[in-house]
Amino acid sequence: MEIRQHYCRLACVAVATLFLVSAAEKYQAPYFIHQCQRSDPEINKCLQFSANTLVKHFRNGIPELEVEEVEPIMINEIHLALGSGPDGYRAIFRDVEAFGVSNMTVTGVRSNLDSMEFQLSFYVPHIRARAQYRSSGVLIMVQATGGGDYWGEYEGVRAKVYFKARQEQANDLTYLQVDDIKMDFSVKDIKMGIKSQQDNAIIEAALNLFINTNGQELLKEMKPSIKKHLLQTMRTFINNLFGRVPYEYWILDE
């Protein structure tokens, strides 16, 4: 009886192993995808590892996703408004280029596979940005109308991205598309400055002193514009990724 039970256990293990191998072979993931088992009690840690695997390949480009030159990250425009009335300060930053974003690390993942909700936490040690700016109005009692070059150094950037996806069926496979996406971010230390086209070193020094002294407050005013453009970029990237890589290639159901 004991021998029979022993062979029964071996047979069950063999069948289960064969099933898992067959499932893995059926959904052979591309090189930039790390697969996770839905039943894994530590699936969020697995998804975190999977996300960091994707980020690692993302840095060098993923031709299969039509991702080649990943940096700089481009933002067409960012708007800043301080004060109200005719003398309120207004600035537009155009052709913003950000370097260093691809050095991100995914520090945490929370997921609900039943409702297809995901929250990812990111850390980026350093981002360097540059842009062209045009401004008008009064800043620190100084007429600040003009334009020139903008630069920024952002240290210790942390972000959280939440998205909810819907499932779509095609060719007996499941593809996800983003229904809703939200994000927020913070920056530990900020250094910013401008190089004005106007030849007035005293005004330029005063403006740069104000900008660096009030970096966090200025970032807070710029946040809505930055988040709007980043959310558009992330939605496009996630939909492109999920539109090319079926859900079954990410998550293996036992």
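I began with the secondary structure and found 5 helices and 10 strands in the protein chain, where helices (H or I, at least four residues) and strands (E, at least two) are DSSP runs numbered from the N terminus. I noted that this is a predicted model, in which local features need pLDDT of at least 70 and side-chain atom pairs count only at pLDDT 80 or more, while totals for chains, interfaces and linings use all residues. Residues are numbered from 1 along each chain as its sequence is written, and side-chain values use heavy atoms, with hydrogens and water left out.

**Chain totals.** I looked up burial and found that 42% of the 254 residues of the protein chain count as buried, buried meaning under 20% relative accessible area, exposed over 50% and partly exposed in between (1.4 Å probe, protein chains only). The protein chain exposes about 15,000 Å², of which carbon and sulfur atoms supply 55%; these areas come from the Shrake-Rupley method with a 1.4 Å probe, and for residues only the protein chains shown count as cover. Among contacts (heavy atoms within 4.5 Å) with a separation of 6 or more, I found that 66% join residues 24 or more positions apart.

Leaving aside residues up to four places away in sequence, I listed the neighbours of Tyr154, among them Pro125, Ile127, Val187 and Met192.

Strand S8 (residues 146-170) runs antiparallel to S9 over 22 bridges, and Arg158 stands opposite Ser186 in S9. The hairpin of S8 and S9 has 2 residues between the strands, and Asn171 there takes a positive phi near 55 degrees. Asp172, in the loop between S8 and S9, also has a positive phi, near 65 degrees, in a residue other than glycine, and with a relative accessible area of 76% it is exposed. I then turned to strand S4 (residues 105-112) and strand S5 (residues 117-136), which are antiparallel and joined by 7 bridges; the partner of Ser111 in S5 is Phe118. Their hairpin has 4 residues between the strands, with Met116 in the turn at a positive phi of about 60 degrees.

I searched for disulfides, pairs of cysteine sulfur atoms within 2.5 Å, and the count came to 1. It joins Cys36 to Cys46, with S to S at 2.1 Å. The torsion about the S-S bond is about -100 degrees, so this disulfide is left-handed. Both Cys36 and Cys46 are buried. Finally, I noted that the peptide bond from Glu71 to Pro72 is cis, with omega near 5 degrees.

Terms used:
Pairing = 2+ DSSP bridges.
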